[in-house]
Amino acid sequence: MTAQSVMIPWQDRPEGSNDIMWRFSENPIINRYAIPTSNSIFNSAVIPFEDGFAGVFRCDNKAVQMNIFAGFSKDGINWDINHGPIEMKAGNTEMIESDYKYDPRVTFIEDRYWITWCNGYNGPTIGIGYTFDFKEFFQCENAFLPFNRNGVLFPEKINGKYAMLSRPSDNGHTPFGDIYISYSPDMKYWGEHRCVMKVTPFEDSAWQCTKIGGGPVPIRTEEGWLLFYHGVINTCRGFRYSMGAALLDLEDPTKVLYRTKPYLLAPAEVYELTGDVPNVVFPCAALTEGDKVTVYYGAADTVVAIAFGYISEIIDFMKKNSI
């Protein structure tokens, strides 16, 4: 079995725009009430599957219980999301307890689709599971002790080992956070934890001075791993989440080759400024087709939106505007 290749959602850059990344004119693509029980649908992951796309979606219900749901689409824009949450079976462990699940990522490695998410087990940690068909799902051992968020797998082994980014945190609305990488021989035992990126000094790049976290699965390019990530500043109105990008060394992802000083996308549209948590752009998935990239992001912790760009332009922008 191999991952399938299909045409990604795309819209050309608006005439007269010089933006490195631009929004879909019909955002948001998934509204908060897309299934009967949902209060909000956001921070979700998608991937090419068969003759279209599959996804794992964060759907908070009207009791504001957090869980992940599977969904399918022919075009990556119009989605049919299951009305019930994913029910996990035992994978490499019998311990599949979970108080909540949120903010999934998904990638294809070797013979299956791997899902990571923030898993509730005496606090937030990184849950791992897999599926072959997005109908039957298997849960594995949690990767780390609490407290941790934003577990993002690389789409291939690095030096013979699975690799995952994460952001050690606390049990609440974490006012700090740097990006680390960890390695595993078997998707069960994780170690060799190394720091990849830290927050920036306020004076140098304030939009990412409070905390940062990995976004979509890193994208392999000839020049390095392209990593979209979120950065946070703590303002007088609370946290403000924006999106930037970094280029990591292919052989040693702890080496940051370039990193955006300006953000690529920040809350500006009504659906990003207004919602359950205002002022949030939170990327969780990216689809590529040649030089094109489409990024899926949660907006205001309420809806799903997409933005577009060219990988070569983003890398060139990083080189010219690196911190």
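View 1. The bridge partner of Y180 in β14 is C195, in a predicted model where local features need pLDDT of at least 70, side-chain atom pairs count only at pLDDT 80 or more, and totals for chains, interfaces and linings use all residues. Residues are numbered from 1 along each chain as its sequence is written, and side-chain values use heavy atoms, with hydrogens and water left out. Strand β13 (residues 179–184) runs antiparallel to β14 and is joined to β14 by four bridges; strands (E, at least two residues) and helices (H or I, at least four) are DSSP runs numbered from the N terminus, and two strands pair if DSSP finds at least two bridges between them.

**View 2. The hairpin of β7 and β8.** Strand β7 (residues 101–109) is mostly covered, since nine of its nine residues are buried, a term that stands for under 20% relative accessible area, with exposed meaning over 50% and partly exposed in between (1.4 Å probe, protein chains only). Seven bridges link β7 with the antiparallel strand β8 (residues 112–120), and K101 stands opposite N119 of β8. Two residues lie between the strands of this hairpin, where E110 takes a positive phi near 65°.

View 3. Four strands form an open, antiparallel sheet in the order β1-β22-β21-β20. Because β1 (21–23) and β20 (281–289) stand at the edges with a single partner strand each, one side of each is left without a neighbour in the sheet. Strands β20 and β21 (residues 292–299) pair in the antiparallel sense over eight bridges, and F282 has G298 in β21 as its bridge partner. The residues I311, I314, I315, F317 and M318 of α2 are buried. Seen down the axis of α2, its buried residues fall within an arc of 160°, so they line one face of the helix; the arc is that of the directions from the helix axis to the C-beta atoms.

**View 4. His230 and its surroundings.** H230 lies in strand β17 (residues 224–235) and is buried, with a relative accessible area of 0%. Leaving aside residues up to four places away in sequence, H230 touches several residues, including N150, R167, W207, Y241 and F282, where contact means heavy atoms within 4.5 Å.
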